[in-house]
Amino acid sequence: MNHEELESIDNVSTVIQFVLIGFSDLPNLQGFLFAVFSVVYIIILIGNFLIIIIISMDQALQKPMYFFLANFSSLEICYVSVTVPRILFNIGTQNRSISLMSCATQMSFFLVFGTTESLLLAVMSYDRYVAICHPLLYPLIMNPTKCTQLAALSWLGGMPVQIGQTCQIFSMNFCNSYKINHFFCDIPPILKLACGDTSVHELSVYVVVMVVAAFPFILVLASYSKIIATILKLPTAKGRAKSFSTCSSHLMVVLLFYGSATVTYLRPKSMHSPGTDKLLSLFYTVVTPMFNPLIYSLRNKEVISALRKLLFKTYY
């Protein structure tokens, strides 16, 4: 064994704890950041819980489209709860340490819920495709059993892949540093801490992203190409406008989620920078979930009508 190999072995230490750098480079804004993240988290929880309550209480919303929307709102609550409470804890206590097991657990849940969102958006696109392109068959195709199966597939489909990927990443040795220049345990900053060549792991990440994100996105594009072609054939402008209105909210959410996630995970390692990674991650982990309830409710007349009825019952 030569000198270089001995030196590399000496530099490898068994890391049992990481430090999340987060926003510690902004010491004068810690109080402000804590307030902002607290308000945003409360808004996300209230907005999504409100959608779930409205859908469960209003008989007019007992349709497949709103069944999937309730699942989506439940998912958003889980999704942000993986990262935001940890951000608040780190800022509030100034204790930024996180054990290796906690870091792996956070990454695993984050990746599983991210995959669920990708699959659920594809399922919601399929639902709109059937509703608009095959309206007469819609009740038969999207029956309660089929909807439950599609929702279960979305929630459970990514678990084996993402848990396996998390185990693979945390089986590496970490020797570059124990400081994660991020506000949660995500793949790109963790790979930067690994010893030696990580190209195999990077390739594995690309393959998984292609399977759990790119493939569902292709299904979304295929569904919407059929939807748009069908809508354009409708004889009246009113009919076309109504059909587009049922899809526009979902399409907006799709573009926000897939766009930011693709840029984050499909960039080469050399193009990753801590500042850009944090900004992009904030966008799809915090900002997008905050706007999703607004996008779905303010652009949906049935949801607005149900909300008015709920408020009317509450106050009168």
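Helix 4 (residues 100-133) and helix 9 (residues 199-232) pack against each other in this predicted model, with axes that come within 9 Å. Contact here means heavy atoms within 4.5 Å. On the helix 4 side the contact includes T115, S118, L119, R128 and C133, and on the helix 9 side V212, P216, Y224 and K226 are among the partners. The residues of this contact split into 14 nonpolar, 5 polar and 2 charged. Ala, Val, Leu, Ile, Met, Phe, Trp, Tyr, Cys and Pro count as nonpolar, Asp, Glu, Lys and Arg as charged, and the others, Gly among them, as polar.

The two axes cross at roughly 20 degrees. Helix 4 and helix 9 are therefore roughly parallel (angles under 35 degrees). Their crossing is left-handed.

Local features need pLDDT of at least 70, side-chain atom pairs count only at pLDDT 80 or more, and totals for chains, interfaces and linings use all residues. Residues are numbered from 1 along each chain as its sequence is written, and side-chain values use heavy atoms, with hydrogens and water left out.

The salt-bridge count is 1 (a side-chain nitrogen of Lys or Arg within 4 Å of a carboxyl oxygen of Asp or Glu). R128 pairs with D127, and the closest N and O atoms are 3.0 Å apart.

Buried means under 20% relative accessible area, with a 1.4 Å probe and protein chains only.

| Residue | Relative accessibility | Class |
|---|---|---|
| R128 | 8% | buried |
| D127 | 2% | buried |
| N71 | 15% | buried |

N71 sits in helix 3 (residues 64-93). Leaving aside neighbours within four places in sequence, N71 is in contact with L120, A151 and W155.

Note on methods:
Axes are lines fitted to C-alpha atoms, for helices over the stretch in contact, and angles run from 0 to 180 degrees between N-to-C directions. Helices (H or I, at least four residues) and strands (E, at least two) are DSSP runs, numbered from the N terminus. Angles under 35 degrees count as roughly parallel, over 145 as roughly antiparallel, 65 to 115 as roughly perpendicular and the rest as oblique. A crossing is left-handed if the near helix is turned anticlockwise from the far one by less than a right angle, and right-handed if clockwise. Buried means under 20% relative accessible area, exposed over 50%, partly exposed in between (1.4 Å probe, protein chains only).
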